[in-house]
Amino acid sequence: MLYKFAVFICKNVLRLIYRVKVEGNNSIDQVKGCIVYANHTFYLDPVVMGSFIKRPLRFMAKAELFKTRPLGNLIKRLGAFPVRRGEADLGAVKTALRLLKNGEVLGIFPEGTRNKSGTFMGAEPGLSMIATKAKVPVIPVAILSTYRLFSPIRIIIGQPIYLEEYYDRKINMDQHKEISNSLMRRVMDMLEEAK
């Protein structure tokens with residue numbers, strides 16, 4: 001209930017101050033459990049994704065956000081869960097796998113932090129690791145905006161990518177990083193094509 005209310009408010013506020021255009025299937029109804037992943041240049045990116053993708057997103061968010069009580073409580077109630085960056089957080093991985101098994105949609109920013117330059121800086125291995133272990137498709141999303149007042153926000157939702165060739169295979173962290181990088185390059189290509 002809170003999620004739907006927050007989406008209603010955020011969507012209308014965003015439309016008031018930006019010119020929002022969504023391209024692609026924002027109901028992502030062609031798959032059950034899946035991972036939606038995107039570039040991350042501005043702190044509003046999770047709000048934009050959560051507001052304009054029609055299925056509820058469960059965001060994996062940096063653990064530091066949960067330490068501030070009002071914000072931490074709010075994002076937890078909205079379905080986010082913490083991940084400790086820079087280390088193998090097995091608790092966060094288990095939570096992600098459980099959500100995906102239940103048919104939910106996981107939201108991830110694979111670069112692990114905001115990329116203010118907009119140039120490719122590499123992805124963390126978690127995207128590949130979780131997707132191949134859960135055996136779910138991943139859906140690339142490109143977010144284009146300067147976030148200046150009344151400027152456009154374009155949300156481009158790509159087709160699901162299936163990673164079946166990697167299911168049930170032993171893959172090390174370097175290989176997971178390579179797969180995640182190739183998936184993130186798809187988003188970078190989408191951004192380039194949209195210019």
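Predicted model: local features only at pLDDT ≥ 70, side-chain atom pairs only at ≥ 80, totals over all residues.

Visitor: Which residue is the bridge partner of Arg-19 in strand 7?

Guide: That's Pro-152.

Visitor: And what's the strand order in the sheet?

Guide: The sheet is open, has 7 strands in the order 1-7-6-2-5-3-4, and its pairing is mixed. On average, neighbouring strands are turned by 25 degrees against each other, ignoring direction.

Visitor: OK, helices. What does helix 4 lie across?

Guide: Helix 4 (residues 90–101) lies across strand 2, strand 3, strand 4 and strand 5 (105–108), at about 140 degrees to strand 4.

Visitor: How about helix 6, which strands does it touch?

Guide: Helix 6 packs on the sheet against strand 2, strand 6 and strand 7, and its direction makes about 40 degrees with that of strand 6. Its N-terminal end is capped by Asn-172, with a side-chain oxygen 3.1 Å from the backbone nitrogen of Asp-174.

Visitor: Switching to helix 1: which residues are buried there?

Guide: Tyr-3, Val-7 and Leu-14. Looking down the axis of helix 1, they fall within an arc of 45 degrees, so they line one face. They pack against strand 1 (19–23), helix 2 (45–52) and strand 3 (57–62).

Visitor: What's on the face turned away from that buried side?

Guide: The exposed residues Phe-5, Phe-8 and Leu-16.

How values were computed. Residues numbered from 1 in each chain as written. Heavy atoms only, no water. Buried < 20%, exposed > 50% of the residue type's maximum accessible area, 1.4 Å probe, protein only. Helix = DSSP H or I, 4+ residues; strand = E, 2+ residues; numbered from the N terminus. Arc of directions from axis to C-beta. Contact = heavy atoms within 4.5 Å. Polar contact = N/O pair within 3.5 Å; in protein donor to acceptor, adjacent residues only side chain to side chain. Pairing = 2+ DSSP bridges. Axes fitted to C-alpha atoms, helices over the stretch in contact; angles between N-to-C directions.
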